[in-house]
Amino acid sequence: MNIKKLTEDKNSKTTEMQTLLDNVKAEERAFTEDEQKLFDKLKGEIEAINNTIKAFEDSRELVDEDEKETKKEEEDKMTEEERAIEVEQRDISNFASFIRNNILSERAEGDNFAQGTNGVIVPTTIANKIIKTAYNMSPILEKATKYNTKGNLEIPVYGKTEAGKDITVGYSEDFQELVESAGAFSSVTLKDHLIGALSKIGNSLINNTDIDLVNIVINIIAEYVKLFLEGEALKGTDGKITGCKDIPESQTHKTVGGVMTFDDLVKTKNKVIQAFRKGSIWVGSQNTQTELELMKDANDRPLFQPDPSGEFDGMVLGYPYYVSDNMEDIAVGKTPLYFGNFSGLAVKTTKELEIQVLREKYATQHATGVVAWLEADIKVEHLQKLSKLVIGE
């Protein structure tokens, strides 16, 4: 039943009520008992119809309001997207102007530049590009688990105790006490270590307005950031970022005789249990790759196989091999290979990346320096996802 039909019924009942009133008025008398019952019945039915019509109208208003709200949200969303594009374009323009020394004492209206502890804080639109580019350059940083927060970050880690105790699960009976057992809970603390990366740009390039200056600076700084963060992730520094230095002895395979054999590779791989091998890669130097390419298995088949994806130079024991200039070559006491899923590494960075433009420092070189500052830390948060191979005597 629609509103039109309800309205027709209401009009019909209203006419019937009016006829009753006209009759008693013409005859100058009161309602009979039956007439009064009919009149009350019609009145009730009309009120019910009115309530139903109002409910329909209220429902329609709600739907209309929802449609209006949805339309408004879509318009607002479009406005936000357009605004985000406008902000990014403005920030890029202002950043380029800042590098070219066009921004002196007065900043452009509405820009996102602010003075930080170590320099100018780059607008998020640009800072995100720098960090993202750095991550994408390195599969180690790309695969790592990332945290974006200030201050110390505590990440709980669970494992067996030194005595080998762990949580045990077994059968039990009514009224029988369970024997308590527990592993060890520890934590990884990620701190804020101040890091700087410096690049220089020739002023001839800066003065060329046809060059996409911002993207050039981003890629230069990103390369510096990538090289440093990847190096710290792999080799670490005592008292600072430790990275893979934290891989425990239980996840370390040590060779003998100062050489690396096929068996050593298998043992290193198997330090990472099957459950965590998905997404794993080998990491080593170019010289180590050369040694692997010359190595044969027990059936005289090449150990190093082509990578069907084409992303890496090849595969070792079914897992991609990534070349990093930060890795050590094969030598006694060195660590030439890491294996595992690098999501076992935790990378913490603060949200702000700060930039200083050094104009006077390199003026005699007809160049401008751009130094990036950020705070970061990298530690192993999942011990079982990574392993390393150490060359023993």
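Is K226 buried or exposed? With a relative accessibility of 11%, K226 counts as buried, where buried means under 20% relative accessible area, exposed means over 50%, and partly exposed is anything in between (1.4 Å probe, protein chains only).

Before going on, a word on what you're looking at. This is a predicted model in which local features need pLDDT of at least 70 and side-chain atom pairs count only at pLDDT 80 or more, while totals for chains, interfaces and linings use all residues. Residues are numbered from 1 along each chain as its sequence is written, and side-chain values use heavy atoms, with hydrogens and water left out.

## The chain as a whole

The chain has eight helices and 16 strands. Helices (H or I, at least four residues) and strands (E, at least two) are DSSP runs, numbered from the N terminus. Of the 393 residues, 37% count as buried. The accessible surface comes to about 23400 Å², and 49% of that belongs to carbon and sulfur atoms; these areas come from the Shrake-Rupley method with a 1.4 Å probe, and for residues only the protein chains shown count as cover. Take the contacts (heavy atoms within 4.5 Å) between residues at least 6 apart in sequence: 75% of them join residues at least 24 apart.

## The salt bridges

Back to K226, which has a partner. K226 forms a salt bridge with E223, and both residues sit in helix 6 (residues 213-234), three residues apart, or about one turn of the helix. E223 is partly exposed, at 31% relative accessibility. A salt bridge here is a side-chain nitrogen of Lys or Arg within 4 Å of a carboxyl oxygen of Asp or Glu.

The structure holds nine salt bridges. Among them are these:

| Pair | N to O distance | Relative accessibility |
|---|---|---|
| K13 and E45 | 2.8 Å | K13 22%, E45 25% |
| E33 and K37 | 3.6 Å | E33 60%, K37 51% |
| K226 and E223 | 3.8 Å | K226 11%, E223 31% |

K13 and E45 meet through their side chains. K13 lies in helix 1 (residues 3-26) and E45 in helix 2 (residues 33-99), so this pair ties together parts that are 32 residues apart in sequence. K13 counts as partly exposed, and E45 is partly exposed too.

E33 and K37 both belong to helix 2 and are four residues apart, about one turn of the helix. E33 is exposed, and K37 counts as exposed as well. There's also a network of salt bridges that links E27, R29 and E35.

Which order do the seven strands of the open sheet follow? They go 7-16-12-8-11-10-9, with mixed pairing. The edges are strand 7 (252-254) and strand 9, each of which pairs on one side only. Two strands count as paired if DSSP finds at least two bridges between them. Strands of a sheet pair through backbone hydrogen bonds, either parallel or antiparallel.

Strand 12 pairs with strand 8 in the antiparallel sense over three bridges, and F339 is the bridge partner of W282. Strand 12 is also joined to strand 16 by four bridges, again antiparallel, and there F339 stands opposite S387.

In a regular strand the side chains alternate between the two faces of the sheet. Both faces of strand 12 are covered: L337 and F339 are buried on one side, Y338 and G340 on the other.

Further along, strand 10 and strand 11 run antiparallel and are joined by three bridges. V316 stands opposite Y319 in strand 11.

## Helices across the sheet

Helix 7 lies across several strands, including strand 7, strand 12 and strand 16 (386-390), and runs at about 155° to strand 16. Helix 8 also lies across several, among them strand 8, strand 9 and strand 11, running at about 140° to strand 11. Axes are lines fitted to C-alpha atoms, for helices over the stretch in contact, and angles run from 0 to 180 degrees between N-to-C directions.

Which residues of helix 8 (residues 286-294) are buried? They are T288, Q289 and L292. Seen down the axis of helix 8, the buried residues fall within an arc of 100°, so they line one face of the helix; the arc is that of the directions from the helix axis to the C-beta atoms.
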